[in-house]
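Please find below a short note for a student who is meeting this structure for the first time. The points are numbered so that each may be read beside the model.

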Amino acid sequence: MSTETETATRTEEARIPSGSPEYWRCVDFLLDEAAALDGNRFEDWLGMLHPEIDYRAPIRVTRERAAGPGFSSEGYHFLENRDSLQTRVDRLATDFAWAEDPPSRTRRFLTNFRVCSVEETDDLRVRSNMLLYRERLDETRQQLLVGKREDDLRELDGALRLVRRLVLLDHSILMTPNLGIFL
Amino acid sequence: MAERSTDESDLRREDRIEIANEFSIVHVSKVHTPNGERLEIFSPRRNRLIRLDPLELESIACHDDESFLGSEIVAGLDRETEQRRDER
Amino acid sequence: MYKTEPEVVRFLNEFDGALERGTIPMRAFNDAELHELELDRIFTRAWVFLGHESEIPARGDYVQRRIGRDPFVLVRSEDGEIRALFDSCRHRGAMVCRAERGNAALFRCPYHGWTYMNTGALAGAPLLKDAYGSELDKSKMGLYAAPHLESLHGFIFASLDADAPSLDEYLGDMKWHLDMIWGQCELGWEVIGEPQRTVLAANWKAPADNFSGDDYHTVYLHRSTTETGIMENPEGDSDLWDGYHVQLGNGHHFIRNMIPPDVPGPRFLGYPEEVQKLFSPSMLGEEQYEGLKQTVGLVGSVFPNFGFLSFPFKHDRSADFVATMSVRVFEPRAAGEMVAWTWTLCPKGVSEEFRRESYRTTMGTFSAAGTFEQDDSDPWMSITRAAGATYARKVGMQLDYRMGMNGTASSRRVDDYPGPGVAYYSVLEEGGQRGFHRRWLQFMRSDDYPPRMTPEEQNAGAGVAGRNGDG
């Protein structure tokens with residue numbers, strides 16, 4: 001099983017106080033990113049990603065308390081790099097991406113921000129809770145994707161970019177029919 | 001004989017490891033007595049402890065009766081519930 | 001045994017007649033009564049896939065799996081045998097194993113503490129002597145177990161019916177094909193990570209039907225993949241229509257794309273040289289080995305709800321084509337709901353790098369986030385929705401499965417398929433899908449265990465001149 005655990009901070013991290021300018025810089029970045037995704041502005045979104053981005057969401061199974069949260073160490077819903085994310089965006093732009101045409105209506109809610117600096121790098125690590133509401137077509141079935149994100153932000157050409165995203169979902173069985181949207 | 005005393009004097013305990021599944025959890029450590037060593041197994045759920053010496057451990061390792069564990073579980077459950085009843 | 005209401009009997013007769021004409025009453029894809037009957041008639045009798053041995057390698061390893069929609073613990077017992085134990089305590093029926101994955105020599109029910117060996121045998125219960133005296137015969141109080149469980153190349157199947165034939169017999173000519181794909185790797189295959197599970201508002205038969213020979217949809221539904229360069233353009237090279245559809249009997253089907261030895265192209269499903277070395281003709285002989293060597297892609301379905309596919313795909317357009325191996329179960333949750341299970345496998349002994357790339361590519365194309373599969377789920381759900389429409393029932397709306405029936409279109413029956421079964425070339429035909437529904441009907445109507453359905457019987461009613469060169 002995975003070592004991805006729900007730690008508040010790890011030993012190589014130092015907490016950055018909430019409300020500090022660095023904290024707000026990170027939060028603003030993530031809120032802008034969420035707005036780009038909710039607005040289906042995928043090219044804008046790609047522009048917010050670092051070229052070396054590592055983007056992953058491990059599969060989860062129910063384990064007993066002593067075994068930890070149950071994230072797989074090898075199984076992923078998403079295991080992406082910049083090229084594969086670009087390909088996904090390109091696909092959405094074709095006339096044949098049925099899963100997202102008509103597009104889902106999404107709303108990403110981000111809360112519980114905790115920002116840390118990461119030892120020996122200039123990266124900023126943000127943990128946040130994510131609630132992604134999704135509706136498709138005229139379906140009234142609720143589709144929620146809920147979980148915790150661990151995002152590393154790195155400066156490139158004067159702006160923050162997302163260089164690592166780990167999404168730890170609260171679902172062992174996904175309640176959305178597909179993952180045609182980005183977490 | 002397996003020792004059950006929780007008298008901690010003269011005992012040096014190495015770091016414990018946990019062995020767990022959805023049904024139970026135990027803490028296991030090697031303990032050094034003044035003259036020897038034992039494997040200590042502690043059940044936090046039932047607050048019970050046993051210290052097994054090498055010969056006892058050897059006989060567990062060599063036990064080839066498949067139902068060994070099964071019958072111990074039954075016996076253990078019965079002993080525990082009888083003890084609780086006696087305590088009342 | 002579920003009592004078949006007269007109305008359902010009447011519907012099944014109607015279904016039979018429709019299938020002869022090459023259509024299927026749409027109601028079959030979303031009907032509560034049919035669903036209940038399926039759970040009994042199909043899922044408590046057929047051989048159902050549960051998982052792969054590599055998921056439970058050590059004694060005591062267990063995972064929670066479903067037969068139909070019923071909860072079973074798939075466990076490698078302390079004696080080394082694999083068992084599927086119904087996850088319900090013999091005392092009051094409570095769930096015994098609640099973790100979805102774990103290791104235990106003994107299972108203890110949390111309600112009253114009844115404790116079972118991981119063979120399912122009752123080890124004991126608190127106060128046994130006081131509470132029950134000699135009333136309780138422990139030997140008769142073990143967890144219920146599937147009466148049949150067998151594994152083929154590590155793939156574990158079980159049947160809940162004591163009268164079921166052996167797995168080999170049930171698989172019919174599919175056995176030869178599974179041997180070809182999974183029986184030639186000396187070190188065996190293994191699952192990577194955990195299976196993914198997603199709930200869809202679709203009837204389980206929509207994807208099962210799709211995996212039974214729907215090649216036709218690839219050019220349009222999956223057009224986004226050719227436009228982004230991650231799938232070769234089928235209209236360009238006619239690659240995608242070149243291929244065999246093979247009916248294997250008992251409702252199973254196989255789609256096979258092959259490249260002749262004198263034509264350059266991927267070999268062994270696109271696995272690279274380093275992986276090809278792991279396949280050996282010493283396992284099953286030269287013929288099977290050559291068969292796998294010349295196969296570039298395949299899709300298979302084992303009745304009722306097991307599917308698998310392997311094609312070299314690109315996960316992103318800058319990458320090379322990478323071999324994939326995806327295995328699926330379509331779990332029937334309700335008439336209009338299913339859980340899609342997806343496993344990715346790889347031969348044992350490959351490099352970490354290849355393993356990672358193959359995993360990324362397999363899941364990246366065929367999973368909830370898969371660039372192909374996310375589009376598949378849409379029609380599966382919308383068909384299910386329409387199938388539940390009162391209007392559709394009123395007008396007896398039929399779904400059209402006639403492709404290939406008249407024998408004049410391009411797909412023809414062939415005699416030169418290098419393997420067993422009834423084969424057609426090209427893949428522009430729907431015989432496999434009709435065959436799936438034919439077997440479905442047989443299971444639904446048979447009070448006794450349904451007898452073997454030969455490939456010919458599965459292909460019955462395919463129309464007049466089917467053979468090459470006929471009129």
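**Note on the sheet of chain A and the parts of chain C**

1. In chain A, seven strands make up an open sheet of mixed pairing, in the order 1-4-5-6-7-2-3. Strands (E, at least two residues) and helices (H or I, at least four residues) are DSSP runs numbered from the N terminus, and two strands pair if DSSP finds at least two bridges between them. Strand 1 (13-16) and strand 3 (71-80) of chain A are at the edges with a single partner strand each, so one side of each has no neighbour in the sheet.

2. This is a predicted model, in which local features need pLDDT of at least 70 and side-chain atom pairs count only at pLDDT 80 or more, while totals for chains, interfaces and linings use all residues. Residues are numbered from 1 along each chain as its sequence is written, and chains are lettered from A and ligands numbered from 1 in the order in which they are written.

3. Four bridges pair strand 1 of chain A with strand 4 (residues 105-118) of chain A in the antiparallel sense. Opposite Ile16(A) stands Val115(A) in strand 4 of chain A.

4. In chain C, strand 10 (residues 148-152) and strand 11 (residues 155-159) run antiparallel and are joined by five bridges. Leu149(C) has Ala158(C) as its bridge partner in strand 11 of chain C. The two strands form a hairpin with two residues between them, and His153(C) in the turn has a positive phi of about 55°.

5. Chain C is divided into domain 1 (48-152) and domain 2 (188-458), with bounds from an automatic or database domain assignment. The C-alpha centres of these domains of chain C lie 34 Å apart.
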